[in-house]
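Work through the exercises below on aromatic rings, then compare your steps with the solutions.

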Amino acid sequence: MKAVGFAAIAAALCAGTALPAIAQDKEITLCWAAWDPANALVELSKDFTAQSGVKMNFEFVPWTSFADRMLNELNSGGKLCDLMIGDSQWIGGGATYGHYVKLNDFFDAEGISMDDFLPAAVDAYSAWPKGSDNYYALPAMGDAVGWVYRKDWFEKPEIQAAFKEEYGRDLAPPKTWDELLEVGKFFQGREIDGETRYGAAIYTERGSEGITMGVTNALYPYGFKYENEPGSYDMEGAVNSPEAVKGLEVYKALYECCTPPGHSDAYMTEDLDAYKSGQTALQMNFFAFFPGIAKDPEVGGETSGFFVNPSANQAASVLGGQGISVVAYSDNKPEALEYIKWFAQPEVQQKWWALGGYAVHNAVVEDPNFPESTPFAAQFLEAMSNVKDFWQEPIYAELLQAMQKRVHDYVVADQGTAQEALDKLIEDWTISFEDDGKL
């Protein structure tokens, strides 16, 4: 699809977007996680209410309890949510267990084409089975894990000179995991502006999904795969390949050498806190948080820079983000579908990006001005071109718990070897897939 110019989109927004009239007493509830993009969606959705007359209610749950709360709602057939912005890993269960409305007929009737969105986003957020054209969500929030660095520290002449003397190259945002380790080690314990600083804030959290979302930033670039062939559930030599072992070892090395004190149970919020408080030179986090960093009074503006996840044997980024689905148990499906129709419009998608949401509509990301629209737009687009996701199987939560245990035991608790951790993970997953009838 030809990209729509930013000026043309702005004009369309000013003119308003017509929607069919719906009864004024109607209201729907949208469920999502509680974070900055959700606040942006509240603002965006005021346009939908103004144009349709449908009142929007929102149920936002902190990330630490989001999955438990919302999966319980779906599994119980609850009617709280008419629309659900559910994690990418939920799409398999949402489709298989009948939680989400299949949207193909609706898309066809309304002229909504999945070809108008980034292919990686469609596959990750909308389709089940993977690679099929069965759609249970519209891509809503593109996201991936990227990195932030203290640009002001990197640019200090004395810092640059010291780094070059130690490593024989110029200090710059790392492009490989080897370079990342060097940068982390260089800043670890270094005094800058009279304070002791540390290397990197990374994900280590055990309770939900944190360390899995962290460690795969190293596993994927080194060559870790879930299966030898997609859909085969043949994991031996993929999950525990020599390359995967190396990736896990490198992540442990980064944790041991270069994290701030007490960073053994950290996820998104803890990484943000460590970075914003000036503890670390680098932080790993989802792009969704980067608008807030860019505007932060302490580390925003020219203080921070952004880079994509470093490569090793290949370029790869950990997928975040979500699709928006109509909940099958809703009593307000017509209004929920009308919201999706409205949200899919190119001009609405552009405003979504402008407010801090991560649109993945081609009309937004293919605009020639998109890479310069924010300090991290070009990096976001690069990351979305090589994203990889965790299992999206209906039993993903069980698979996730196993990985959380195995990699946390090795990386943080210092138990066993990387090879043993990945071998045991295959054993865990094999039992799960056997119980699920896949093996």
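This is a predicted model: local features need pLDDT of at least 70, side-chain atom pairs count only at pLDDT 80 or more; totals for chains, interfaces and linings use all residues.

**Exercise 1.** Classify the aromatic pair of Trp35 and Phe289 and state where each residue lies.

Solution. A pair of aromatic rings is described by the distance of the centres and the angle of the planes. Trp35 is in the loop between β1 (27-33) and α2 (36-52), and Phe289 is in the loop between β8 (280-286) and α13 (290-295), so the pair ties together parts 254 residues apart in sequence.

**Exercise 2.** Are Trp35 and Phe289 buried or exposed?

Solution. Buried means under 20% relative accessible area. Trp35 has 7% relative accessibility, so Trp35 is buried. Phe289 has 10%, so Phe289 is buried too.

**Exercise 3.** Classify the pair of Tyr203 and Tyr267.

Solution. The ring centres of Tyr203 and Tyr267 lie 4.7 Å apart with the planes at 80 degrees, so this pair is edge-to-face. Tyr203 belongs to the loop between β7 (198-201) and α10 (210-222), and Tyr267 to the loop between α11 (242-258) and α12 (268-276), so parts 64 residues apart in sequence are tied together. Both Tyr203 and Tyr267 are buried.

**Exercise 4.** Which charged residues sit over the rings of Phe186 and Tyr410?

Solution. The charged end of Arg190 is over the ring of Phe186, 3.8 Å from the ring centre. Over the face of Tyr410 lies Lys252, at 4.9 Å from the centre of the ring.

Key:
Residues are numbered from 1 along each chain as its sequence is written. Side-chain values use heavy atoms; hydrogens and water are left out. Rings of Phe, Tyr and Trp (its six-membered ring) pair if their centres lie within 6.5 Å; planes under 30 degrees apart count as stacked, over 60 as edge-to-face and the rest as tilted. Helices (H or I, at least four residues) and strands (E, at least two) are DSSP runs, numbered from the N terminus. Buried means under 20% relative accessible area, exposed over 50%, partly exposed in between (1.4 Å probe, protein chains only). A charge sits over a ring if NZ of Lys or CZ of Arg is within 6 Å of the ring centre and within 35 degrees of the ring normal.
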